[in-house]
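Please open the structure in your viewer and keep the selection tool at hand.

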Amino acid sequence: MHWSDSETRQAFLAGARDALGAPALVLFAGMIGFGALGRESGLGVWVTSATSFFIYALPGQVVFVEMFAVGASWLAIFLAVSLTAARFLPMTLTLMPQVPRSHHKRLLYLLVHLVSMTTWASMMSAFPRLKPEERLPYFTGFGMVCWGVSVPGTVLGYLAAGYVPPSVTLGLVFLNPLFFLLMFAEVRQRASRLALLIGGVSGPLMHLMAPGWSLLVCGVVGGSAAFLLDRMLRLHGR
């Protein structure tokens, strides 16, 4: 990939332009909520902002804040945050094969930091309509805009804490998962929609029975059931 190529630059700008709409706004709002959470938990503005810069994943950042607030050791915080990031492995494994092997260079190790729920869901929708050589620059432009708004949103939320009701700030934190859900619903694969439907029904029920395991069980069982159901429907020509 040569950034001096006109086609590469255009794909990069197209990704940045597409991210400047709802994706960046939703992520910005989510980071505002997180910034307020960080201040109410007793973290400094620099530490709170640094989590948005380095971790750049709201679930991991929330775990960091909660464990930091209760005085957990740095090793425990590191392990807990690392476990929340495990979901990025399958996300990355589904994205990278769609990037031409000629673009698999050391730069990818840095660019993988731009993978987020919003970016992944958007790329799963956008990659099929892009030429293979346009995908990495498009992803880079999209991801850099999303990452770029995370720290300003965090700082704004931190400074605005106390002026906004806690219920509103917590609601902002959940905007990003909601956007991910809506983006995932746009994915055309039937198996993905089945997984979304099964998870939406089984999630609340499993939470009532086993709150600590509900997310894991729904992910494994719901995803497997959606895959098998879709496969069975294909075998029957539907």
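Select F68 to begin: its relative accessibility is 31%, and it counts as partly exposed. Buried means under 20% relative accessible area, exposed over 50%, and partly exposed in between, with a 1.4 Å probe and protein chains only.

The model is a predicted one, in which local features need pLDDT of at least 70 and side-chain atom pairs count only at pLDDT 80 or more, while totals for chains, interfaces and linings use all residues. Residues are numbered from 1 along each chain as its sequence is written, and side-chain values use heavy atoms, with hydrogens and water left out.

**The rings around F64**

The structure holds six aromatic pairs, and one of them joins F64 and F68, which are stacked at 6.0 Å centre to centre with 10 degrees between the planes. Rings of Phe, Tyr and Trp (its six-membered ring) pair if their centres lie within 6.5 Å; planes under 30 degrees apart count as stacked, over 60 as edge-to-face and the rest as tilted. F64 and F68 are separated by about one helical turn because they are four residues apart in helix 4, residues 58-69. Helices here are DSSP runs (H or I, at least four residues), as strands are (E, at least two), numbered from the N terminus.

Is F64 buried or exposed? F64 is buried, with a relative accessible area of 9%. Next, select W74, which forms a tilted pair with F64: 6.0 Å centre to centre and 50 degrees between the planes. F64 lies in helix 4 and W74 in helix 5 (residues 74-84), so this pair ties together parts that are ten residues apart in sequence. W74 itself is exposed, with a relative accessible area of 56%.

For another group of rings, select F53, F54 and W147, which ring pairs link into a cluster.

**The nonpolar core**

Now select L95, M123, Y138 and F139. Of the 40 residues in the largest nonpolar core, these four touch the most other members. Such a core is a set of buried Ala, Val, Leu, Ile, Met, Phe, Trp, Tyr and Cys residues joined through side-chain atoms within 4.5 Å. Which helix supplies the largest share of this core? Helix 9 does, with seven residues.

Keep Y138 selected and display its surroundings. Leaving aside residues up to four places away in sequence, Y138 touches several residues, including F12, D18, M123 and R129. A contact here means heavy atoms within 4.5 Å.

**The salt bridge**

Move to R234 and D230. A search of the whole structure finds one salt bridge, and the side chains of R234 and D230 meet in a salt bridge at 2.9 Å, N to O. The term denotes a side-chain nitrogen of Lys or Arg within 4 Å of a carboxyl oxygen of Asp or Glu. R234 and D230 are four residues apart in helix 13 (residues 214-235), and therefore about one helical turn separates them. R234 is exposed, with a relative accessible area of 56%, whereas D230 counts as buried at 7%.

**The whole chain**

Finally, display the entire chain. The chain has 13 helices and zero strands, and 40% of its 238 residues count as buried. An unreviewed UniProt entry annotates residues 107-127 and 205-229, among others, as "transmembrane region"; such annotations may be inferred rather than shown by experiment. Residues 205-229 are 84% helix, and the end C-alpha atoms of this span lie 20 Å apart.
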